[in-house]
Amino acid sequence: MAVTNADQSASEFTQDAPAEGGEADAAKGEGPDTSASDAPVSEAAAEALNDSQPNAPPAFDAAEFLKNFDNHVRRAYSELRSAVGSLTAAANHLAIGPERILDLPFGDFPFRFRLPYVGTDRVMNLMLLTRDFPKAANLSSLAIRVPKGGVFVDAGGFVGTSAAFFSQILGADEIHVFEPQRIILPALEENLAMNGVKGLHLHQAALIDEAGPVAPGTFRAKEIGSTPFLKHKDGTYRGMALDDLGLDQINFIHLDFHGPKIFALQGAAKSIDKFRPFIAIDLEGRDLEEAKKFLEPYGYDVAGLPGCFLFYPRA
């Protein structure tokens with residue numbers, strides 16, 4: 001049968017018309033699916049389309065997140081500790097008052113020490129924070145090993161903690177204290193008197209191998225007691241040898257100062273040979289090997305204690 005022009009037009013109209021419900025879908029925003037269109041897209045259009053899309057977020061890195069979190073926690077903890085330390089120090093400074101006198105009981109004796117530079121000196125500040133003697137473990141070890149009583153020598157007097165300890169805990173009948181630093185002498189004298197040190201002989205001098213001038217090394221306000229003193233022809237401080245005192249007895253020698261200890265031992269050779277005292281030397285540099293070599297001919301053995309070496313005569 002022949003197709004008329006009218007029938008052809010109706011057929012074309014039917015093919016171009018949207019499917020049933022298409023208009024309603026479009027009204028709902030659910031138009032016909034065009035995602036599968038085969039129409040070609042130019043490279044410029046594709047790039048423009050990509051540029052218009054927001055960048056995708058980076059992939060989550062759990063390890064990096066935990067690392068950064070740990071760093072923040074550590075930094076916050078460090079800052080908190082620093083703040084607590086500052087508050088504690090301020091409270092402690094207020095507690096000892098303007099006289100800066102620290103009550104420091106040990107055993108049955110109520111020690112007291114004036115700490116004039118507690119705000120700057122590390123050792124004085126540590127005494128205040130810990131409410132304890134500097135090198136407390138060292139002193140406690142010496143207390144059970146060194147025979148009590150007799151004549152003691154304390155080289156490196158500082159603020160008098162060791163000398164006061166030897167007098168009251170070890171029962172020294174006589175004690176010779178050596179301290180060359182002028183800046184610390186007033187506090188040293190006051191502390192020794194305040195703690196009832198008996199038989200005291202205070203020498204404003206460094207203990208070396210022979211009498212003569214000495215000069216200080218590097219002075220550090222944060223560590224006043226660490227200033228070394230060595231022989232120097234232009235020195236304005238005094239050095240002396242222990243043998244020059246001509247003592248009738250020596251039971252214990254305590255060398256606790258910065259700088260070589262061998263010179264102090266050499267200056268005490270006659271006394272060591274005659275009285276065979278116990279000798280304590282703080283830990284520093286070459287001191288141990290030099291002291292062992294020097295004292296071996298005099299018949300000494302050595303024991304390691306917390307913070308020092310104790311040389312004692314063989315039986």
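A residue counts as buried when its relative accessible area is under 20%, as exposed when the value is over 50%, and as partly exposed in between (1.4 Å probe, protein chains only). The structure is a predicted model, in which local features need pLDDT of at least 70 and side-chain atom pairs count only at pLDDT 80 or more, while totals for chains, interfaces and linings use all residues. Residues are numbered from 1 along each chain as its sequence is written, and side-chain values use heavy atoms, with hydrogens and water left out.

**View 1. Helix α7 is mostly covered.** Helices (H or I, at least four residues) and strands (E, at least two) are DSSP runs, numbered from the N terminus. The buried residues include Phe165 and Phe166.

**View 2. An open sheet is built from 7 strands.** Their order is β5-β4-β3-β10-β11-β13-β12, with mixed pairing. Two strands pair if DSSP finds at least two bridges between them. At the edges stand β5 (200-203) and β12 (300-305), each of which pairs on one side only. Strands of a sheet pair through backbone hydrogen bonds, either parallel or antiparallel.

**View 3. Strands β4 and β5 pair in the parallel sense.** Strand β4 (residues 174-178) is joined to β5 over 4 bridges. Val177 stands opposite Leu202 in β5. Helix α8 (residues 185-194) lies across β4 and β5 and runs at about 175 degrees to β5. Here axes are lines fitted to C-alpha atoms, for helices over the stretch in contact, and angles run from 0 to 180 degrees between N-to-C directions.

**View 4. Phe252 belongs to the largest nonpolar core.** A nonpolar core is a set of buried Ala, Val, Leu, Ile, Met, Phe, Trp, Tyr and Cys residues joined through side-chain atoms within 4.5 Å. Of the 39 residues in this core, Leu142, Phe166 and Phe252 touch the most other members. Leaving aside neighbours within four places in sequence, Phe252 is in contact (heavy atoms within 4.5 Å) with residues including Leu142, Phe166 and Leu310.

**View 5. The largest cavity has a volume of about 30 Å³.** A cavity is a set of points, on a 1 Å grid over the protein atoms alone, where a 1.4 Å probe fits but cannot get out; lining residues have an atom within 4 Å of a point. Grid points are joined across faces, edges and corners, and the volume is the space filled by probe spheres set on the points. The lining includes Leu207, Leu242 and Ile253. Strand β10 (252-255) and helix α9 (262-266) each supply at least two lining residues.

Methods
On a 1 Å grid over the protein atoms alone, a cavity is a set of points where a 1.4 Å probe fits but cannot get out, and a pocket is an open set with protein on both sides within 12 Å along at least five of seven lines; lining residues have an atom within 4 Å of a point.
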